[in-house]
Structures are given as structure tokens and as C-alpha cells.
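Colleague: Could you walk me through this model, please? I have not looked at it before.
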Amino acid sequence: MKKQLILGLALVSMVFSCSTDDTADIIINDNSVTNNNGGGTTDPGTIFLSGTYTEDLTLDANNTYKLNGSLIMTDGTTLTIPAGMTLEALSSGANVYIAISQGAKIVANGTVDNPIVLTSDASNPSAGDWGGLIVLGKAPINSVTGTATATSEIASLPYGGQTADDNSGSLNYVRVEYSGGAADGQSENNGFSFYGVGSGTVVNYIQAYAGKDDGIEFFGGTVNASYVSVINAEDDSVDWTEGYAGTLTNVYISNRTTDDKAIEADGYNTDFSNATGVFSKPTVNNLTIVGQGTSEGHSEAVRLRAGTQGIFTNVHITGYVEGFDLDDEDTGNGVVSDDLQVTNVTFVDVTTNMKNDTTVSFTDADFYTGEGSGTATDYATWGAGWTKQ
């Protein structure tokens, strides 16, 4: 009995938990056995993370953590991840993810030499092993009006509102790998999902690598992102919808022929409606898209549809049958009104620079100017040291 009591006290001292009853405890178990989901042998000192947190959670660089379910940070809390940390997720699909709710924050500030990596725990990881990172804010979306909110595809959490400069924290030098676990045929995680995230949020130097669904998707909001890398996303690399209106600067996308679009852009979510009548209209500066070449039949680099607008400046596209494919009347109207324009673009090994499927009449010159003047973003420099190729 005495030995059991001492052992029990020792185990209690090793448990890290929040103080409220509705917050899941983080329990240290003996994990000297091999994970049946494809993961390797776990350090017996691993701290498992999952549950709904109503207090701040700060990870310690001296500890080893593993995400073994949904980790949801609630309104008023902050998740802090230190530079250089690799946080593994149980390779069991969609229900393993991190969600930063409206009013919560994530502070994940890596460095070029010490990036933060969110990845699978599998010995041989692959796309879709786990969910991904979900951030939800209070910035405007066009699928609802007034103070109404929409609900996220994964986790069913609210997002949207009237706070354009809403602050959900900061992400610097963060890489998400092997994400995109599917909950069902319609609901899939992305590497990074930004739901109604505001411009007060700092996003610089992020990479989505080898995800099963989209690399990075913006569901409305006004958040800006700079130095964005997406490699081998099986679905679209960068996706926006629901009235996204931020600025993307220095974006590098590399696709295989089996991957879908480099960019798929919607003015609104066609599964719902454009309740506000305002279309997506981001600004995209310094965009490089690299496909596998027309000889491999790599189809569309950029699909613009559902009335999306946008101002693209300095674009370089290599190795696609089609550079830009425009669909829907509202999208064509955006070209005519100069709300959808491309300035300074270079096409290399591209069969058709622009395909007009909008039912609106306009010429290539109405849509893009400065052909041959687009220069590739300097990915060799800004992507060095922290990205995965």
C-alpha cells in the first residue's frame, strides 16, 4: 500500500492540467509500446494534448508533447508554442487538430533556424495523417450579415463578425505537414484554415507541406500573410472564399501533376449564399506557381470563379496547360469593372494563358497586362532553412 501511495503521488506530480473541470487533463503515460496507428515508439515522458481549454496553455521547450485528439482553445485563452518545437499529432485522421476559437490566440513564433513544425507521428508519414491548424476570428465574411456568424467545417465553431482588425495571435516560421484528414466525404481539414481571421493577426513565413486537402484556405476575413509556401498539396494549394479581402505577399506554390489547382478562388461560398453582396477581393503580390509541365498534362494553375475579384501583381507561372481559368458571369464582370486584374505576368511552358468560361466578353489584354514582365519570388532566399522541399 505504501509503495502504491508513493507511486500515485509521483504520477500526480507529473500531470499538467488546467484548473477547471471542463478542461482536459494532459496525462503522462508509459508509452513504451508501438502506436497501432503507424506511429513510432513514444518517449515515456510524452505529455498528451487534447480537450477544450479555458485557460492559457504554454508549451515548454524542455518537454515532449503529442496531440492525441482535438485541442480547442476557447475565447480569452492563448496557446503558446516555443521556437524550435516539433509537435507531433497522432496519425489517426480528421479528429486530431488544433483549433483557435474566436477570441482566443495562438502565439507560435519560430525563427528561420528554429521553425515550429506541426506534423504526423507516423514512422512513414503521409498526407491526411492528421487534421491541421484551424484559426477562427471575428472579421467579416460575406455568407452572413450583421452580427451573425457561420460555423466551421471541422469542429463546428463560430466565425465571422464585424471586427476587421481582429487579432488571433501570430504565426512566424510555422510548418504544417501531412495534414488534411477527412471527417467524411465533404468535410476535410486543410494545413492552415483561416476562418474570418482579422488583419490584427500576424502571419509570416508559413508552409503547408504534403497535405491531403488544401494547403491554406481563407474563409472570408482580412488577415494578411507574407512568405507563404505550399508544396505537394493534393487538393488546391491556396484557396479563398466567403469574401476574403487580405493581402498575400511572396507566395510560392509547387505542384505535382496529381495535385489539383495551385489557386482556387471563389467570390463566395456557393454552398450557401453571398448574403452581403460583396465578393472576395484579395491583393496578391509576387506569386510563383511551378507545375510539372504541359507535356505531363498539368491542367489549371489558377481557377477564378463565383465572382471572385482580386488584384494580382508580379506573377510567374511555369508548366501548365492553362494559366488562368475564369468561370461564371460575376467573375467576368469583375474583369470588365477592373476589380479582377493581373499586372506583370510571365508564362513559361503554358499552352493557354487565359481561358474565358464566364459568358462575359473580354480579351486577354482586358484581364492581364505586362506579359513577360513577371519575375519569380525569391524563394531560394526567403524559403531557405525552414521549409521542406
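Colleague: Where is E153 found?
Modeller: E153 sits in the loop between strand 10 (150-151) and strand 11 (158-159), where strands (E, at least two residues) and helices (H or I, at least four) are DSSP runs numbered from the N terminus. Residues are numbered from 1 along each chain as its sequence is written, and hydrogens and water are left out of the side-chain values, which use heavy atoms. This is a predicted model, in which local features need pLDDT of at least 70 and side-chain atom pairs count only at pLDDT 80 or more, while totals for chains, interfaces and linings use all residues.

Colleague: And is E153 buried, exposed or partly exposed?
Modeller: E153 counts as partly exposed because its relative accessibility is 34%, given that buried means under 20% relative accessible area, exposed over 50% and partly exposed in between (1.4 Å probe, protein chains only).

Colleague: How far apart are the C-alpha atoms of E153 and S193?
Modeller: They are separated by 9.9 Å, and E153 and S193 are 40 residues apart along the chain.

Colleague: Switching to aromatics, how many pairs does the structure hold?
Modeller: The structure holds 21 aromatic pairs, counting rings of Phe, Tyr and Trp (its six-membered ring) whose centres lie within 6.5 Å, with planes under 30 degrees apart called stacked, over 60 edge-to-face and the rest tilted. One of them joins Y173 and W386 edge-to-face, at 5.5 Å centre to centre and 90 degrees between the planes.

Colleague: Which parts of the chain does that pair link?
Modeller: The pair links distant parts, with Y173 in strand 12 (residues 169-177) and W386 in the segment after helix 4 (379-382), 213 residues apart, and both Y173 and W386 are buried.

Colleague: What about Y227 and W382?
Modeller: Y227 and W382 also form an edge-to-face pair, 5.4 Å centre to centre with 65 degrees between the planes. Y227 lies in strand 16 (residues 225-231) and W382 in helix 4, so this pair ties together parts that are 155 residues apart in sequence. Y227 counts as partly exposed at 24% relative accessibility, whereas W382 is buried, with a relative accessible area of 9%.

Colleague: Now the strands: in which sense do strand 22 and strand 23 pair?
Modeller: Strand 22 (residues 310-327) and strand 23 (residues 340-357) pair in the parallel sense over 14 bridges, where pairing requires that DSSP finds at least two bridges between two strands. L326 stands opposite N356 in strand 23.

Colleague: Which strand does V345 have its bridge partner in?
Modeller: The bridge partner of V345 is E371, in strand 24, and strand 23 pairs with strand 24 (residues 368-371) in the parallel sense over three bridges.
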